[in-house]
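User: I would like to go through some labels attached to helix packing here. For each one, set the value against its definition.

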Amino acid sequence: MEILFIVRLCCNCTYALLYKPIDRVTRSTLVLHDLLKHTPADHPDYPLLQDALRISQNFLSSINEDIDPRRTAVTTPKGETRQLVKDGFLVELSEGSRKLRHVFLFTDVLLCAKLKKAAVGKHQQYDCKWYVPLADLVFPSPEESEHCPQVHVIPDHELEDMKMKISTIKSEMQKEKANKGQSRAIERLKKKMFENEFWLLLNSPAIPFRIHNRNGKSYLFLLSSDYERSEWREAIQRLQKKDLQAFVLSSVELQVLTGSCFKLRTVHNIPVTSNKDDDESPGLYGFLHVIVHSAKGFKQSANLYCTLEVDSFGYFVSKAKTRVFRDTTEPQWNEVREGGMQVGAVLPISLQPQFWSCSGVLGLNHLPFTPQEFEIELEGSQSLRILCYEKCYDKTKLNKDNNEIVDKIMGKGQIQLDPQAVQTKNWHMDVIEMNGIKVEFSMKFTSRDMSLKRTPSKKQTGVFGVKISVVTKRERSKVPYIVRQCIEEVEKRGIEEVGIYRISGVATDIQALKAVFDANNKDILVMLSDMDINAIAGTLKLYFRELPEPLLTDRLYPAFMEGIALSDPAAKENCMMHLLRSLPDPNLITFLFLLEHLKRVAEKEPINKMSLHNLATVFGPTLLRPSEGESKAHLTLASDIWSHDVMAQVRAGYWRGSPACLGIFVSFCWIGQAGRWQLFCFL
């Protein structure tokens, strides 16, 4: 009995010493999680709770790893260890169609697999589609790529359509959760959102990543990010530096290797937002302003530039590109170069940078140079990537995939967009280190709520922030001079520009044009003729955005909302017709002038890729939105009424008394999660 008592006492002591502390930390972690969930993000204790929760979770994770470490290797039948180095989901172009694959990079082999559909209660397994020993794997040269199948790129407007559908479903899910709706309805919406996000994930990537087995077949993956392509290429090339031998896997060896993939994988879920837990961060929605200042650490002089990528809808997209700084080891993108300043343009990675010189125009060479600022739209983004390239001007190295010259990645880096650090009114300076290179940049974030607000202005000089009626009366014109000149310049040399109005101009160029129009400088036309066309298009959008009240007026805003909510098409048409006729003359004439211009731009859609849908998405927020005093009430009401598209047809026959006979479809759409207005105009 005494021995039994001693054994029980020892067990209790062991329990108290070992288990109770861990149990206490576990319970504390759950309490911290609940506290953080119900504490406002702007509360002073919020960061402290975050730190405490992170420390607790790291402690518990370390305990679990010691008890049951995750397997990272598999033993071959020959007794050798095959380590998993990298894995992830990639889109493969196979037999002319896109397939989502899970790719596994081991120390000596690259394996492409597909997850099998498992019966209920059974373990999931992978099916091997193909494998290539790293000793036999090569990357085709541009000349060899010429004979590979060409990539079919999905039109931008189809991708944008799908993004809008996903945002709408997110809004509906939020409503269901807020109203404590049925779990069945929420699950149905989740399933629909997953299907749409999966389609977007499958059809968005367009950057080719080709690999070739020197004993036979070639394979083609499509990626959305050059950063990701570089990571896979570098990981493979590092492993190939070792003494690798070619081999052929037997059926048993292949079965063992494929069977181990499920346990070894590090990426468990398809990268779509519908796979995230409810308590995970939804990311940032709004606008990220970024200035790339300089880069240091290059060993040789080169022609250098940077691109910026952010994640959106589960994948990364290239959003901006600095100008090329020629023949330097320390590019200073803030610097004025002798003979004038070269200003870059915000362009997709597939487009060449634009250059323009201000030498002799308005004496700008003698003014302090404003840093090159980019405005990047964020849609649930959590990370910012910066890639530094060496520009290649050798036309013999032409890439057959997209007819672009191949540029060499000199370095790349990534930072997390911390909402607490980013969401301040001041600029935040940071440095990204990449392969010995340091890139210095600044950033600040503007939420969608803030971007929707209009601040009334008492200013009566200039044109920006001044009522349109005041400007037209002063100019003795029907349409403001700035609107006429910007539209004329766009139609002269930008109507066939790919992505006109969708691709942003450099913010500093737009501010320069704004200052010139406000000053009514006599050299405006000279500057316009030299300026990048995307900056001119951006200036026109900025003018409408900075009006003290929207073009369709604050007074008629509630009436437009009520008219759009009407279910009877005839009543809706009559209502919209009446509202347009109720606009002040300068507003209506300018509105119709803009619509006719957008119609002419849309007629060039096969060349500029800008459909009426795309144009309407761009101009919607600038034409109808609340003033600052009414924004909260209107946004709340709009989010209740317009969680889905509402279409109204309007026949507008009003142009200073003469019929214009324009058929206009107007649709306003408020998407709760993304905070996005949309105005469709089909003329």
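User: What makes the crossing of α17 past α19 right-handed?

Analyst: A crossing is right-handed if the near helix is turned clockwise from the far one by less than a right angle, and left-handed if anticlockwise. α17 passes α19 in the right-handed sense. This is a predicted model, in which local features need pLDDT of at least 70, side-chain atom pairs count only at pLDDT 80 or more, and totals for chains, interfaces and linings use all residues. Residues are numbered from 1 along each chain as its sequence is written, and side-chain values use heavy atoms, with hydrogens and water left out.

User: Why are α17 and α19 called roughly antiparallel?

Analyst: The axes of α17 and α19 (residues 612-623) cross at roughly 155 degrees and come within 10 Å. Axes are lines fitted to C-alpha atoms, for helices over the stretch in contact, with angles from 0 to 180 degrees between N-to-C directions. Angles under 35 degrees count as roughly parallel, over 145 as roughly antiparallel, 65 to 115 as roughly perpendicular and the rest as oblique. α17 and α19 are therefore roughly antiparallel.

User: Which residues of α17 and α19 meet?

Analyst: Phe591, Leu594, Leu598, Lys599, Val601 and Ala602 of α17 meet Leu612, Leu615, Phe619 and Leu623 of α19, contact being heavy atoms within 4.5 Å. By class, this contact has nine nonpolar, no polar and one charged residues. Ala, Val, Leu, Ile, Met, Phe, Trp, Tyr, Cys and Pro count as nonpolar, Asp, Glu, Lys and Arg as charged, and the others, Gly among them, as polar.

User: Why are α12 and α14 called oblique?

Analyst: The axes of α12 (residues 507-519) and α14 come within 9 Å and cross at roughly 60 degrees. α12 and α14 are therefore oblique to each other. The contact involves residues including Leu513 and Phe517 of α12 and Ile536 and Leu542 of α14. By class, the contact of α12 with α14 has six nonpolar, three polar and two charged residues.

User: How do you know that the buried residues of α10 line one face?

Analyst: The buried residues of α10 (residues 468-475) are Ile468, Val471 and Thr472, where buried means under 20% relative accessible area, exposed over 50% and partly exposed in between (1.4 Å probe, protein chains only). Seen down the axis of α10, these residues fall within an arc of 95 degrees, so they line one face of the helix. The arc is that of the directions from the helix axis to the C-beta atoms.

User: What do the buried residues of α10 pack against?

Analyst: They pack against α14 (533-545) and α17 (585-602). Helices (H or I, at least four residues) and strands (E, at least two) are DSSP runs, numbered from the N terminus.
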